[in-house]
Each structure stands twice: as structure tokens, then as C-alpha cells.
Amino acid sequence: MQGEGRAGWRLETVLRHLRPGRPAALPTSARVGAATNPGGFHYTLDNDLLTPEQRHFYEENGYLLIKNLVSDEDIERFRNEFIKICKKEIQVPGLIAMRDVTIAKSEFVPDEKAITKIQDFQEDEELFRYCTLPQILKYVECFTGPNIMAMHTMLINKPPDPGKMSSRHPMHQDLHYFPFRPANLIVAAWTAMERIDRSNGCLVVLPGTHKGSLKQHDYPEWEGGVNKMYHGVRDYDANQPGVHLEMKKGDTVFFHPLLIHGSGANRTQGFRKAISCHFASADCHYIDVKGTSQENIEREVLEIAQKKYSVTIPITLKDTWMIRGRLVKGERINL
């Protein structure tokens, strides 16, 4: 048994193992409340790392940029591993490789230029090392506490835009994709693998939007097409000024899953790379998304899982996340 057949068998085996001993999902809506810490902070935990100024900045804005956090050596190792994956020199179980919507199947060749993003690289030892870097985890703990799960991994290879603006990423909230809560114990780490600015499609954030609720997401009606699963916020204040996060190689931004963000088109001739992981406290719990605004992403994820892995047992959005999560520090509790 090999390839996707093996991955499907593993998915079913893992689910049968995980389901009996896991707590039942707590029924809830997609709305998220904030829990106040003793010091009056909602979104950061007491720690000896963040300065008061940094804590207040994250509280008000929902993101925090740390300069020069990941070394050039590590980034080059991640880049080389990505190239090997693109060339199919190595096979990674469960990994999803994505192409830009404008790349026709007939044009597809196993090359770095054809892959615009890889997701779920938790089974790749070299890339997953990013999620265990001590300098990353020490900041993550300021938001999640000491029991830390790596839940969602990505390496983004934003291509030069073909003229249809398809390299954009619509404004969205990451929590739309996650069936676990509370939101305040989830944080993304996003590291630039080269200089990133407005010319090659840097991140754009709407400061303070993490204080709101989870909004309805759908595919935007873009003339040039939209990449698979690139959902966008249906209703937000488009007049609110965004902040363009220009970053140098190794800079890392940490941000809240309710922060509305996206990225512009890559108007250069080069590929823009970044590596990221969404972390969550192991104390978080799964929820049932039925009856909430997240039902549409659950349907889409399950359709992909059924098609890719030929799964024969009923699965939920929760199940697809249970098999991806990896403990990176402390004790695995709920997730």
C-alpha cells in the first residue's frame, strides 16, 4: 500500500484510535468571547518575555512583529526541503500541494514554479522543525500557555501574478477554518523566507479586528478566478485602513486567528516564500460547526478528504484536525 491509499488507511486507523478516548465536542456557535486574565489582558498571558509595550500592542492590534527571529541557515534548509518536495524527490504522507488557479493541468510539471503552497507538512521532519524552534515556541507560549499543539502548517510560494490578480489572497480570518476554541489561545507564527514588501504581496492586516466575532466567509467574485479554499470575509469595512507588513528574511509575525488579513498580488518576477504554523493550547476543545458560518468550509474539506484519501467511514471537520495536530511542548490534553 502506498501514496494516497496508505494515507487514507492511516486516516481511518488514527481516527478509530483517537475517537474513543477524546472528549466530546462542546456545542457552541461560531461566535467567540474573550476571557480576561488577572492583569486585565485579554489576548496575552503573563510571561517574562514580552515587554508591557509589546503586550499592549498585541492587545490593541492583534499582531506582533519580531525582527530577525529565524536564522538564514534554518530558512535555507526549509527552502531546500521545499524544492525536493516540489521535484517529487521525497514523498510526505498527508501533505497537500496546491497550484495557482491559472495553471492548467496540461502545463503542470513537478517543479518549484508549479507549486504555490504546501499544507500539512507535519510528517516532514525537516519542515516540521520550524514548529519546534525554541525561539518560536517561547513567543507562542505567551499566547497559548505551556501546553502547545502545532495544528496547521504551511509553506507559501506566492507566484508572480499572471495578470489576472489570482496571486492575491482575499481578506479573511483564520478561525474560519478551525473547529476548536477558545480563539484567544490560538496564534499563528508566520516567517518571511526572503524580503517581503508590497511589490511581492506582503501581508495586509486590519488592526483591532481580532476584537470582533467570526464573520461569514465565501469565495470572492474575482474575474481572474480564486484558488481552492481561499475564502474571504463577506462583510467588513473595506474603508478601514490596512497595515502592510513589510518584512525581512527571518522576521516573524504572530497574530490572532480573528484578525482580518490577506495579501496582495505578487507584481515581481520572483516567487515570494513564507513558512508558518498555527499553534493552539492543548487545553482548547473541539466544537461542532453545524449550524454555524463554518458549515461551508466543513463541506469543502470533507469533499477533498473523501476524494483524496477514499475514506470509507463518516468523518467531520474535527476529525481532519485531530490527525494533523502534533504536541510540540508540554502535555497533550484535549486537542
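Buried means under 20% relative accessible area, exposed over 50%, and partly exposed in between (1.4 Å probe, protein chains only). The model is predicted: local features need pLDDT of at least 70, side-chain atom pairs count only at pLDDT 80 or more, and totals for chains, interfaces and linings use all residues. Residues are numbered from 1 along each chain as its sequence is written, and side-chain values use heavy atoms, with hydrogens and water left out.

**View 1. H172 in strand β6.** H172 lies in β6; strands (E, at least two residues) and helices (H or I, at least four) are DSSP runs numbered from the N terminus. H172 is buried, at 6% relative accessible area. Its side chain makes a polar contact of 3.1 Å with that of D174. Such a contact is a pair of N or O atoms within 3.5 Å; within protein, one must be able to donate a hydrogen and the other to accept it, and residues adjacent in sequence count only if both atoms are side-chain atoms. Leaving aside residues up to four places away in sequence, H172 touches Y177, H217 and H231, among others (contact: heavy atoms within 4.5 Å).

**View 2. The open sheet of 4 strands.** The strand order is β6-β14-β9-β12, with antiparallel pairing (pairing needs at least two DSSP bridges). β6 (169-172) and β12 (243-245) are the edges; each has a single partner strand, so one side of each lacks a neighbour in the sheet.

**View 3. Strands β9 and β12.** β9 (residues 203-205) runs antiparallel to β12, joined by 3 bridges. V204 sits opposite H244 of β12.

**View 4. Helix α5 and its end.** Buried residues of α5 (residues 134-144) include I136, Y139 and F143.
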